[in-house]
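Please look over the sequence and the structure before reading on.

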Amino acid sequence: MSHFDALETRSHDQREAEQLRGLNQILSDHGQSTLATMADLATLPVLRKSDLVARQSATPPFGGLPVGDVAHVFQSPGPIYEPGGVSHDWWRMGRFLHACGIGAGDIVQNCFGYHLTPAGMIFENGARAVGARVLPAGTGQTELQARAAHDIGITAYAGTPDYLKIILEKADELGLSTKISRAAVGGGALFPSLRDWYADRGISCLQCYATADLGNIAYESPAQEGMILDEGVIVEIVTPGTGTPVAEGEVGEVVVTALNPDYPLIRFATGDLSAIMPGVSPCGRTNQRIRGWMGRADQTTKIKGMFVRPEQVADFVARHADVSRARVVATREDEMDVMTVQVETQGADAAIFASTVADVLKLKGRIELVPPGSLPNDGKVIDDQRSYD
């Protein structure tokens with residue numbers, strides 16, 4: 001397969017020099033001192049999501065950060081507001097879709113949300129960059145999704161890893177054939193058993209690592225050996241809670257600098273854990289690779305494509321006088337994320353907590369009532385029990 005562009009096969013020295021020039025141009029344009037070497041990037045402050053929320057509350061909508069002439073304003077949980085552009089491959093997602101084998105002649109069923117959050121537009125922009133058509137399907141209405149896949153002749157899927165399986169099973173139930181042979185997924189972990197399930201149906205499924213703030217950060221190639229860093233970002237792995245880079249190969253927090261002149265986030269801490277892999281991908285792309293998502297630097301956990309944060313669990317407890325503690329447990333059943341909320345209470349009616357869970361956590365989950373004092377005294381309010389092996 002040909003590469004998306006010549007940037008993917010640069011030497012390490014060429015890539016670093018060109019990225020440093022791009023970063024220094026951004027810094028200079030905004031009246032900041034330039035850097036002599038890439039190592040000097042570690043001397044700049046880290047920007048965290050909590051800092052961004054505070055800045056945006058004081059100076060809406062973007063916290064006083066430099067933003068170019070953008071077309072959209074999005075809202076993500078927090079709330080955090082992100083700008084979005086419609087120029088060519090603004091979020092750099094075309095590179096990932098190209099690696100998936102998606103291009104001209106394909107019709108992509110885009111099952112990422114188009115409402116408030118930017119994921120739908122991120123993947124639509126990327127599909128345009130590779131010349132593919134898009135069915136802007138969004139989420140939900142599974143029977144209509146299955147019928148559309150059949151009627152239109154959809155050849156590729158974009159969305160969370162789980163949802164394609166639901167669509168395909170609904171199509172089977174309705175006796176509808178589909179032509180989907182490639183899947184570009186994100187917004188949650190792609191578990192090996194689910195990738196195998198797709199492969200058994202003749203579907204090649206690859207995943208990317210992207211955020212609403214930064215766009216594409218890293219992506220899989222057909223080699224499926226780690227995730228290759230996108231050419232438009234600089235990634236550091238640092239000791240969690242600090243800005244100090246760890247030794248290569250050590251697990252730490254992913255900190256990203258986006259070389260996007262319209263929204264140049266410098267040293268933005270994702271809260272995710274990963275590590276740099278040695279060597280380069282056998283697919284011929286020469287950029288560094290990370291080992292993929294390896295958990296959270298804090299207890300924030302992504303369930304069903306949505307982040308669940310410790311402060312949300314605390315908000316749930318505060319809303320019920322008869323609840324002493326609560327814990328969110330993330331598990332997997334039938335290749336789907338399952339959220340169980342364990343509630344310490346003397347009450348006996350789990351239903352009274354369901355609406356609060358949906359309101360505060362933005363997800364529906366099982367409610368499990370446990371006696372006061374029975375949850376472990378380990379400070380953990382979110383327990384991710386899913387296996388990533």
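## Model and domains

The structure is a predicted model. The domain assignment of the protein chain gives two entries: domain 1, made up of 12-44 + 66-229 + 277-296, and domain 2, covering 301-384. Between the C-alpha centres of domain 1 and domain 2 the distance is 30 Å. To their contact, domain 1 contributes 11 residues and domain 2 contributes 12 residues.

## The sheet

An open sheet of 9 strands is present, with mixed pairing and the order S4-S3-S5-S6-S7-S8-S9-S14-S13. Strands S4 and S13 (276-277) each have a single partner strand and stand at the edges, so one side of each is left without a neighbour in the sheet.

Strand S3 runs parallel to S4, and 4 bridges join the two; in this pairing, valine 108 stands opposite valine 134 of S4. S3 also runs parallel to S5, to which 3 bridges join it, and here glutamine 109 stands opposite tyrosine 157 of S5. Both faces of S3 are covered: Ile107 and Gln109 are buried on one side, Val108 and Asn110 on the other. Together with H4, the strands S3 and S4 make a right-handed β-α-β unit.

Elsewhere in the sheet, S9 and strand S14 (residues 289-290) run antiparallel and are joined by 2 bridges. Isoleucine 228 stands opposite arginine 289 in S14.

## Helix H5

Helix H5 spans residues 142-152, and its buried residues include Thr142, Gln145, Ala146, Ala148 and Ala149. These residues lie on the same side of H5, because they cover an arc of only 160 degrees around the axis. Leu144 and Asp151, on the other side of H5, are exposed.

The cover over the buried residues of H5 includes strand S3 (107-110), strand S4 (133-136) and helix H6 (161-174). After H5 comes glycine 153, which has a positive phi, near 80 degrees.

## Nonpolar cores

The largest nonpolar core holds 46 residues, and those with the most contacts inside it are Phe96, Leu97, Ile102, Phe123 and Val235. At least two residues of this core come from each of several elements, including helix H3 (94-99), helix H4 (119-129), strand S7 (204-211) and strand S11 (252-258). H4 gives the largest share, 4 residues.

Leaving aside residues up to four places away in sequence, phenylalanine 96 touches Phe123, Ala184, Val185, Leu206, Gln207, Cys208, Asn216, Tyr219 and Glu220. Another core lies apart from the largest one; it has 20 residues, among them Ala149, Leu164, Leu190 and Tyr198.

## Valine 254

Valine 254 and glycine 271 are 17 residues apart in sequence, while their C-alpha atoms are 6.7 Å apart in space.

Conventions. Residues numbered from 1 in each chain as written. Predicted model: local features only at pLDDT ≥ 70, side-chain atom pairs only at ≥ 80, totals over all residues. Heavy atoms only, no water. Core = buried A, V, L, I, M, F, W, Y, C linked by side-chain atoms within 4.5 Å. Buried < 20%, exposed > 50% of the residue type's maximum accessible area, 1.4 Å probe, protein only. Contact = heavy atoms within 4.5 Å. Arc of directions from axis to C-beta. Pairing = 2+ DSSP bridges. Right-handed = clockwise from strand over helix to strand, strands pointing away. Domains from an automatic or database assignment.
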